[in-house]
Structures are given as C-alpha cells and as structure tokens.
Amino acid sequence: MGRKSKKAVETGFITEVDRYLFGNGTHYEIYDKLGAHPWTFRGKSGYYFAVWAPHAQSVSLVGDFNNWNPDSHPMKLLEDSGIYELFVPDMGKGQLYKYAITTQSGQLIFKADPYAFSAEFRPGTASITSDIAGFSWKDGKWMAARPEKAMEKEPVSIYEVHLGSWRKKDRQIKEGFYTYKEAAHELADYVKSMGYTHVELMGIAEYPYDGSWGYQVTGYFAPTSRYGSPGDFMYFVDYLHRKGIGVILDWVPAHFPKDAHGLADFDGQPLYEYADPRKGEHPDWGTKVFDYNKNEVKNFLISNALYWVERYHVDGLRVDAVASMLYLDYGRSGGNWVPNIYGGNQNLEAIEFFKHLNSILTKRNKGAMVIAEESTAWPKVTHAPEDDGLGFSFKWNMGWMHDFLEYMKLDPYFRKYNHNKMTFGMTYATSENFILVLSHDEVVHLKCSMINKMPGVYEDKFANLKVGYTFMMGHPGKKLLFMGQDFGQWHEWDEKVALDWHLTNEDLHKNLQNYVRDLLHLYKKYPALYQLDYDWNGFQWINANDSDRSIFSFVRRDETGKKNLLFICNFTPVSRPDYKVGVWKRGNYTLVLDNVQGMYQKSDNPPVLKAKKGECDGQPYHISFSLPAYGTAIFKF
C-alpha cells in the first residue's frame with residue numbers, strides 16, 4: 001500500500017544514535033523513544049508515537065481520535081531501522097490507540113503498542129496514552145540505603161501476593177479488585193505486623209486472561225489496569241518503601257501469548273519470537289518464545305527489566321520459567337527441537353542474554369535483586385558471569401521445596417524412613433544463593449493448600465505446619481511464603497476469590513498466624529538466621545541422624561560466632577519428657593521460641609538451661625528439657 005501523507009513528517013525525536021544502539025541491543029532506555037510520549041513539536045504539544053515493525057508494508061495509527069480509520073494517520077518509516085514514527089498534535093493523556101499494520105501479504109492487522117505505559121482494562125485490548133513522568137517520590141531514604149546492602153547477607157522473607165485475590169472490596173467496579181492505593185495501605189500494615197521484609201507481586205505487567213495469573217503478558221511496560229494507573233502503582237511502591245518493605249515483581253521473559261493484539265507475528269511475520277516453530281513455539285503452554293538471538297528483542301527485554309527497577313523503584317525481579325529458556329528441548333519431544341551449533345540442548349543465546357541482563361541491571365542498580373525460578377541443576381546460576389555463571393542474585397530452591405513437601409505429607413510413622421529428605425538439602429545449600437520457597441505453584445491444581453497437605457486430624461495439621469515452618473526458618477536460605485499459608489487457608493488458591501480471612505478469627509488459625517509472625521520477627525532479629533546463609537560456617541548439624549524419633553537438631557551462627565541459635569524440631573506426635581541435645585560448650589541456653597508459647601519476651605521470664613558435662617550427639621556437653629509432641633524449641637547461646 002505504502003500510503004503517504006503530509007502529516008507524516010520526520011520529527012527528529014529518534015536520532016541516528018538511538019537507532020544504532022537499538023540495533024546493537026544496548027539502548028537501555030529505548031522505552032523513552034519507542035511507544036507513546038507527550039512531546040512538543042514546532043510549537044504544538046501532542047503525542048509522539050514510534051513502533052518497530054520491519055516486515056510491515058506500512059503502519060498507521062488508529063484510535064478513538066480518528067474513529068479507528070487506518071487511512072487517517074499513516075506513520076513514516078525511519079531509514080534503515082524498521083521503526084515507524086508519527087507526531088499527533090493536540091493529543092492528550094488517556095486516549096485509546098493501536099497500530100494498524102499492513103503486512104507484506106496485504107493483510108491489515110491491529111496491534112497494541114509493545115512499549116505502551118498503560119493499557120485498557122480487559123476485555124479491551126487497546127493501549128492508552130500515558131505519562132509516567134512527574135511522580136513525587138518520597139522513598140529517598142529507602143533508595144539511598146538500597147545500594148549499601150549486600151542482599152545475600154540481609155534478611156529476606158518474602159510474602160508472595162496475587163493482588164486480585166488477596167482481598168476483595170464489596171463493590172461491582174472491576175469485580176471488587178483493590179486499587180493499588182487501597183492495597184498499599186492494608187498490605188503494608190499486614191506485612192509489617194507479620195514481619196516479612198518484602199512483597200513479591202504476581203501479574204503486574206498487563207495481561208488479557210485472569211487465569212494465566214499474569215504469566216502471559218501483552219503489555220510489558222504497562223502496570224495492569226485491573227488495579228489502577230501507572231501513577232497509582234508508583235504510589236504503591238513508594239508507600240511500601242516508606243514503611244520499610246521491599247517490592248519484587250514477577251517478570252516473564254520466557255514466552256508470550258498468541259493473542260491477536262499482542263506480540264505474536266507482530267508485523268505479519270515472526271518478529272519478537274523465533275521464526276522456526278521448533279524454537280519459537282512452546283508446546284506445553286501454547287505460547288511464543290522470544291528470539292534471544294535478535295538484538296532488538298534482547299533490547300526490548302533488558303530495557304523492560306531496567307524500566308521496572310529504575311522508573312518504578314522496584315527492588316527485584318523474580319524471573320519466571322528460567323529452565324524453559326536455558327534448554328532447547330524443554331517440554332519438547334525428540335525431533336521437535338533444534339540443537340545448538342555444538343549439538344547440545346543448551347540455548348546459548350538465552351545464556352548470553354541472562355549474563356547481559358544480570359550484569360547491566362545489578363551494575364546500574366546496586367542492591368536490586370534478580371531471582372531465578374530455575375527448576376533444574378543448571379550450574380552456577382548465581383555465580384558471576386566472569387566465573388561462567390548466569391549472574392542471578394538468588395535462585396529458588398525447588399529441590400528443597402519438593403523434598404520438604406514430600407516429607408511433610410507423610411504420616412509421621414513413615415517419616416523415619418524418609419529422614420534424608422530433610423537433610424539432603426544441606427549437601428548443596430552453599431552451591432547457590434538459594435531462596436526456600438513455598439509458592440503459589442504448590443497450592444493449586446489439586447495439590448492442596450499447605451494445611452491440607454498435612455497428615456492427621458484437625459489439630460495435628462496445625463501442629464505439623466508449625467514444626468515444618470520452624471525447620472524452614474532455621475534452614476539456610478532466604479524465605480518465601482505464598483499468601484494464606486501463614487494462617488492455614490483451607491481451600492486451594494483460586495485467583496477468582498479472596499482469601500478466607502474470616503479464618504483468622506478462629507483459635508487454631510489465629511494461633512498458627514501468630515506463630516508464623518513470631519518466627520518472622522525472630523528471623524529478622526537474629527543475624528545468625530541470614531548473615532551466613534551460603535557459608536558453611538553459618539550452619540552445623542547437632543544430630544542429623546535421629547531418624548527413629550524423627551527429630552532434627554542444628555545450630556545457626558552469625559559472623560561473630562557469638563550469637564548462636566540452637567534449633568530442635570520434633571516431627572512426630574510423640575513427646576520426649578527428658579530430651580537431651582548435645583552442645584559443644586558450657587554456659588546458659590535461653591529459650592527464645594517454642595511451639596506452645598511462640599516467641600518469649602523478657603517479661604515472660606523465658607526458661608534458661610545450663611549445659612551439663614556429659615557426651616551427647618558427639619558433643620562434650622548437653623542440655624535436657626521436655627520436648628512435646630510436634631515440639632519445637634529454639635535456644636540462644
């Protein structure tokens with residue numbers, strides 16, 4: 001078609017340098033150039049639009065402002081770039097728009113803006129003109145302190161949240177979703193009182209289908225309109241920071257959906273995805289796979305990661321489905337995948353992408369985290385790229401999670417035959433910077449809620465969960481719990497309904513919630529629980545072999561070696577009235593938490609035990625006390 005118009009004048013907004021850097025994959029603020037931006041040109045204010053569509057025959061801008069007429073506002077192709085641009089005078093914020101792309105075959109398709117800062121509330125699929133400049137940030141204290149933190153030595157206890165089902169308002173507007181501003185206040189209060197250090201949000205980048213939970217993204221630069229505007233989300237992050245709470249976002253660079261308005265076959269041909277369907281299609285998920293060999297695509301993703309950290313002040317990105325990116329044969333049957341140039345199944349382009357991403361993000365934003373959800377034994381995920389690592393800050397410990405849950409689901413009688421499930425994680429605990437996770441994935445699709453995974457009758461389930469959480473809090477590695485797990489949500493998570501908060505008024509649920517709160521506050525209080533997570537000096541088994549009684553005892557140390565914590569966890573309903581545990585030194589052992597009292601305050605006159613001479617657990621001294629059924633005890637010494 002190749003329509004031309006007097007409106008299509010080259011503006012100079014995107015320079016030759018911009019085009020060079022974009023083509024080279026190193027334009028880290030390309031979102032300031034592509035997309036829709038308020039601008040003044042030749043004395044007139046309006047909006048500037050730019051889109052990358054190199055296979056298109058022509059592109060025009062459509063929206064409410066021109067009655068969605070593809071002939072009204074043709075865009076100009078910038079030389080040697082595949083970028084089309086247009087300045088529209090007198091256009092303001094809040095306008096719906098799309099790009100009308102005429103493909104090489106002459107077909108007319110309508111696409112949302114890949115770089116849009118705002119998007120229409122589903123089922124609408126248009127982009128919305130927006131302006132993310134000018135927000136008055138008040139989190140200066142938090143942001144100034146962030147670069148000074150070595151996060152591997154900091155307390156990190158994450159509350160994973162799906163905002164749409166955390167709580168609901170009794171109103172019909174947007175199906176009762178909390179707004180970002182409403183959620184900020186109530187969520188901050190809850191997280192602060194419970195003692196979590198960070199919130200991790202599922203599904204914030206815009207997505208069309210609620211049932212995907214936000215893992216099939218169409219608007220990578222747009223905070224979902226389910227909960228408000230870009231400015232509202234900035235308020236959310238700013239408010240949590242002012243309350244001393246970090247914010248982590250789920251981020252999905254592995255794949256994207258095939259929705260007609262999205263990235264798939266964006267300009268009539270594979271553009272953001274690999275052209276070969278054996279690499280570009282994900283058979284398990286019915287989605288497209290990003291082409292990590294294309295500089296402009298890598299630039300899109302890396303600039304997007306930087307955008308959330310730098311423009312929205314988020315403190316970390318949890319990268320979804322890393323394994324699916326690293327392995328060319330992930331989810332693919334024999335003959336349906338393409339080996340790399342050496343004949344292997346590693347995606348060399350994705351490996352290079354991760355090294356680039358992690359190097360630039362952590363270099364520009366010290367103290368910000370990039371967390372890998374990597375479900376295999378891929379080596380050196382959290383090692384530096386210079387050491388042939390991928391450069392992630394942390395890795396989800398999926399192996400520990402699997403073993404822990406398999407053990408916890410067992411009838412206590414059979415736990416003695418599976419003792420190694422709880423000890424095996426320590427054989428590799430220092431190989432990566434791990435986060436121990438009990439995430440949303442473990443409480444959906446008929447896997448049962450955490451409380452319903454537990455064996456036994458009603459009260460036993462709560463007792464099991466308390467001892468399990470105690471073991472988790474003492475085990476090396478940062479922590480993550482999904483919402484509802486801290487008070488014993490009965491039914492599986494369902495993104496369509498709110499958590500059963502009324503349960504927190506019932507005694508057993510309230511008691512569990514208070515106990516988890518005490519564990520979390522204890523975790524933050526004692527550096528022994530986080531300072532040396534990835535150092536063998538930070539952990540010592542006292543007795544890892546008491547399988548007959550299913551009791552585990554171990555010590556956590558801080559960097560000084562002077563403020564230690566001794567953990568004892570009994571995973572059976574059998575009490576031990578005169579339980580002895582070995583210690584290596586004389587002195588006083590003060591009880592700081594148990595499963596009956598929770599955390600002891602000074603005013604509670606906590607029990608203090610004196611170590612007695614006499615070999616136990618291979619140690620020269622011991623203490624003895626009454627360990628109840630499913631008993632837990634943490635002593636400081």
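Tutor: One definition first: two strands pair if DSSP finds at least two bridges between them. Keep in mind that this is a predicted model.

Student: Which residue in strand 18 stands opposite Val319?
Tutor: Start with the two strands. Strand 17 covers residues 316–319, strand 18 covers residues 369–372, and they pair in the parallel sense over 4 bridges. In strand 18, the residue opposite Val319 is Ala372.

Student: In what order do the 8 strands of the barrel close?
Tutor: The pairing in this barrel is parallel. On average, neighbouring strands are turned by 25 degrees against each other, direction ignored. The barrel closes in the order 9-10-13-17-18-19-20-21.

Student: At about what angle does helix 14 run to strand 21?
Tutor: Helix 14 spans residues 458–474. It lies across strand 20 (434–438) and strand 21 (478–482). Against strand 21, the angle is about 145 degrees.

Student: Which strands stand at the edges of the open sheet?
Tutor: Its 4 strands follow the order 1-2-5-4, with antiparallel pairing.

Student: Is Glu206 buried or exposed?
Tutor: Glu206 lies in strand 11 (residues 205–206). Beyond its neighbours up to four places away, its contacts include Ala119, Glu120, Val217 and Arg226. Its relative accessible area is 5%, and the cut-off is under 20%, so Glu206 counts as buried.

Student: Which residue of strand 12 is its bridge partner?
Tutor: Strand 11 and strand 12 run antiparallel, joined by 2 bridges. Strand 12 (residues 219–223) is largely enclosed by the rest of the structure, because 5 of its 5 residues are buried. There, the bridge partner of Glu206 is Gly219.

Student: How many residues apart in the chain are Trp166 and Trp501?
Tutor: Their rings form an edge-to-face pair, 5.6 Å centre to centre, with 80 degrees between the planes. Trp166 is buried at 1% relative accessible area, and Trp501 is buried at 14%. Trp166 sits in helix 3 and Trp501 in the loop between strand 21 and helix 15; their separation is 335 residues.

Student: What is the separation in sequence for the Tyr220 and Phe300 pair?
Tutor: This pair is edge-to-face too, at 5.6 Å and 70 degrees. Tyr220 is buried at 2% relative accessibility, Phe300 at 0%. Tyr220 lies in strand 12 and Phe300 in helix 7, so the pair ties together parts whose distance in sequence is 80 residues.

Student: Where is the pLDDT below 50?
Tutor: The chain has a mean pLDDT of 96, and 98% of its residues reach 70 or more. Where pLDDT is low, the predicted coordinates should not be read in detail. That caution applies to a stretch with 24 contacts beyond near neighbours in sequence, residues 1–9.

Note on methods
Residues are numbered from 1 along each chain as its sequence is written. This is a predicted model: local features need pLDDT of at least 70, side-chain atom pairs count only at pLDDT 80 or more; totals for chains, interfaces and linings use all residues. Side-chain values use heavy atoms; hydrogens and water are left out. Axes are lines fitted to C-alpha atoms, for helices over the stretch in contact, and angles run from 0 to 180 degrees between N-to-C directions. Contact means heavy atoms within 4.5 Å. Buried means under 20% relative accessible area, exposed over 50%, partly exposed in between (1.4 Å probe, protein chains only). pLDDT is the predictor's confidence in each residue, from 0 to 100. Rings of Phe, Tyr and Trp (its six-membered ring) pair if their centres lie within 6.5 Å; planes under 30 degrees apart count as stacked, over 60 as edge-to-face and the rest as tilted.
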